[in-house]
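Subject: Structure handover

Hello,

Here is the structure we talked about handing over. Please open it first, then read the notes below.

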Amino acid sequence: MLKCRPLSLPAEVLFGVAFSLLCSVGASAKAPEASCFFVSPRGADSGDGSAARPFATLEQAREAVRALKAAGGLPAGGITVSVGPGHYARRTSFVLGPQDGGSAEAPVVWKAASPGNVVLDAGTQVRLSDFQQPVAEDLRRLDGSAVGKVVSLDLAFLGIVHVGPYPLSFDNGGGLLELYLEGERQPVSRWPNQGAAKIERIVDKGESAPGQFKGKGRFVAREERVGRWPVERGVWVEGYWRVPWDVRAVKVEQIDFASREVALGAPVAGGIGSKYAGAQGSGAEPWWAINLLEEIDRPGEWCVDFQTRRLHWWPAAGEGSGAAVAVLADMAAPLVLVEKAAHLRLEGFSLENGLSHAIELRDSQGVEVAGCRIRNVAGSGVVVNRGEGNTVRSCDISSTGHSGIVLSGGDRATLSPCWNTAENNHIQKVGVLKKTYAPGILVGIFGAGDAVGCRVAHNFIHDVPHAGIQYGGNDHIFEYNEVSHAVLTSDDMGAFYTTNDWTSCGNVLRYNFVHHSPNAVGFYLDDGDGGDTLYGNVACEMQGGFAVCGGHYNSVRNNIAFRCKRGLFLDARGVARVYDKTS
């Protein structure tokens, strides 16, 4: 057998050959005059963007495309910007605007030459050896198990901006920086480490009548441990205070160490205490404390002291890790922002370590995000904000603070569709910071913006704290999607969920498969949703298969529910609550 001897060529030469082949293939497939610019970490912005002299930055390649358009327009087959493997540090958004798009016949394509190996990284790297031992005052506050293991970092010296303090009340992470080690999100300190504490009883619900507050909320904790927490330095507690689908963190105003009474510094809408129990609550409301130095008691946990602006952390790395690198996420802007642009394609990039969305499209047309890997961002993976004909396809999205994909667009007043699409994406472990109403895919509801005529198809969504797919608006198609292991940390929610709009008509849910989510209803048309059509769907090992709650003109036919606690639930609450009235 003839054996080929591998070529011993410098990496930059091999990359140049690969780039040239890529462009020649693109040219022959489209039109002979199609062109390429090249970007490489080993390039220079003084280069000409050729394979031999690539640019170093995306911005310089963008300027070259603009100059080409200004000089006579794009070639007939469009133009490709081929980006070589490596890390591209981002401190600001890479912005593509109206002047950066193409046409349907001549698109502008931004393509990773090696898919998955071109990383747009918004993180700030810090060597573990740069951390210091805590000062004496902080050492005294540490749990005994953490002494000698927790290290400290001066965030102000590094110029890190998002160092708190938290707002009085929040449900989305509170805007604090994030910490990663070897690609894994490190957990903010939490007590208890797993599960939740339970309120003993409610002293003051806070809300005395709908929208009227005589107090801010007070409860008695079961554990004496609350007496360790220094309220004067800032203490926040988080919980499902009233219902199991609404979680919120609130600052503590006072703790009475003798009585274990905790007074909140801001009221909770509806008041604290289960809405299904009496004035003193059920005695089972779940809550926990966050970001306390006193509660760092396991590897990985960290907190920020808002007074000193120091980060305290128990690194999970073992011996000899002094050369290891931690990453701080502090950039609160999308890594890529496409605004009022048309006929662009972003393909094969990895985006990570941002404090906002990975990619946001605003008022754009015919933009495609394809084959990208998105992880470790505090916002959502891809947000399509209005516009039409945009597509998010074949992306891997994981470990996001909010949703995986968000779609909006179209006009509900005229029912003009946007035809924005999410197709063939793999989405998991989203909603890390916003634990409710931040599903795998969010369409036209819960802050996403109005939506008409979106398509969501062939997506796999799993391991999410709340819903898999939530939707509102009109005339959407949801087909051939799979959702599993949904509603992991909340309750009264669906793998597919919509609610509270009797005009949200024309949506079709067909041939979807939901399974192994015993805390979730498969397809949940809640509180007056009307006009949806469901057929050919399968629900397995769910709390319930299908639920229609007070809406009208819903069609649920030819579906299958098995190994569910109940197959179909139907009620008429819409009649008593006059959901068909606009006043």
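Start at glycine 371. It is partly exposed, with a relative accessible area of 35%. The residue sits in the loop between strand E28 (368-370) and strand E29 (373-377). Across space, glycine 371 and serine 394 lie 4.9 Å apart, C-alpha to C-alpha, although 23 residues separate them in sequence. Leaving out residues up to four places away in sequence, glycine 371 touches Gly348, Phe349, Arg393, Ser394 and Cys395. Keep in mind throughout that this is a predicted model.

Sheet

Strand E28 belongs to an open sheet of twelve strands with parallel pairing. The order is E1-E2-E5-E25-E28-E31-E34-E37-E40-E43-E45-E47. Strand E1 (35-39) and strand E47 (555-557) are the edge strands, each pairing on one side only. From one strand to the next, the twist averages 10°.

For a detail of the pairing, take strand E40 (residues 477-479) and strand E43 (residues 508-510). They run parallel and are joined by three bridges. Phenylalanine 478 stands opposite leucine 509 in E43.

Salt bridges

The whole structure holds 41 salt bridges. One network of them links Lys111, Arg345, Glu347, Glu368, Arg393, Glu423, Arg455, Glu479 and Arg510. Arg393 is also one of the residues that glycine 371 touches.

- Arginine 141 and aspartate 138 meet at 3.9 Å, N to O. They are three residues apart in helix H3 (residues 136-141), so about one helical turn separates them. Aspartate 138 is buried at 3% relative accessible area. Arginine 141, at 15%, counts as buried because the cut-off is under 20%.
- Glutamate 301 and arginine 298 form a salt bridge at 3.2 Å, N to O. Glutamate 301 is buried, with a relative accessible area of 0%. Arginine 298 counts as partly exposed at 23% relative accessibility.
- Aspartate 526 bridges to arginine 573, with the closest N and O atoms 3.4 Å apart. Aspartate 526 is in strand E44 (residues 513-526) and arginine 573 in helix H5 (residues 573-576), so this pair ties together parts 47 residues apart in sequence. Aspartate 526 is buried at 7% relative accessible area. Arginine 573 is partly exposed at 22% relative accessibility.

Aromatic pairs

The search of the whole structure finds 21 aromatic pairs. One of them joins phenylalanine 131 and tryptophan 313. Their ring centres are 5.3 Å apart and their planes stand at 55°, so the pair is tilted. Phenylalanine 131 lies in the loop between strand E7 (123-127) and H3, while tryptophan 313 lies in strand E22 (residues 310-313). The pair therefore ties together parts that are 182 residues apart in sequence. Both phenylalanine 131 and tryptophan 313 are buried.

Tryptophan 229 and tryptophan 287 make an edge-to-face pair, 6.2 Å centre to centre with 80° between the planes. This pair also links distant parts of the chain, 58 residues apart. Tryptophan 229 is in the loop between strand E16 (218-221) and strand E17 (236-239), and tryptophan 287 is in strand E20 (residues 286-290). Tryptophan 229 is buried at 1% relative accessible area, and tryptophan 287 is buried at 0%.

Which residues form one aromatic cluster? They are Trp191, Phe219, Trp229, Trp241 and Trp287.

Best regards

Note on methods. Residues numbered from 1 in each chain as written. Predicted model: local features only at pLDDT ≥ 70, side-chain atom pairs only at ≥ 80, totals over all residues. Heavy atoms only, no water. Pairing = 2+ DSSP bridges. Helix = DSSP H or I, 4+ residues; strand = E, 2+ residues; numbered from the N terminus. Axes fitted to C-alpha atoms, helices over the stretch in contact; angles between N-to-C directions. Salt bridge = Lys/Arg side-chain N within 4 Å of Asp/Glu carboxyl O. Buried < 20%, exposed > 50% of the residue type's maximum accessible area, 1.4 Å probe, protein only. Contact = heavy atoms within 4.5 Å. Phe/Tyr/Trp six-rings, centres within 6.5 Å; stacked < 30°, edge-to-face > 60°.
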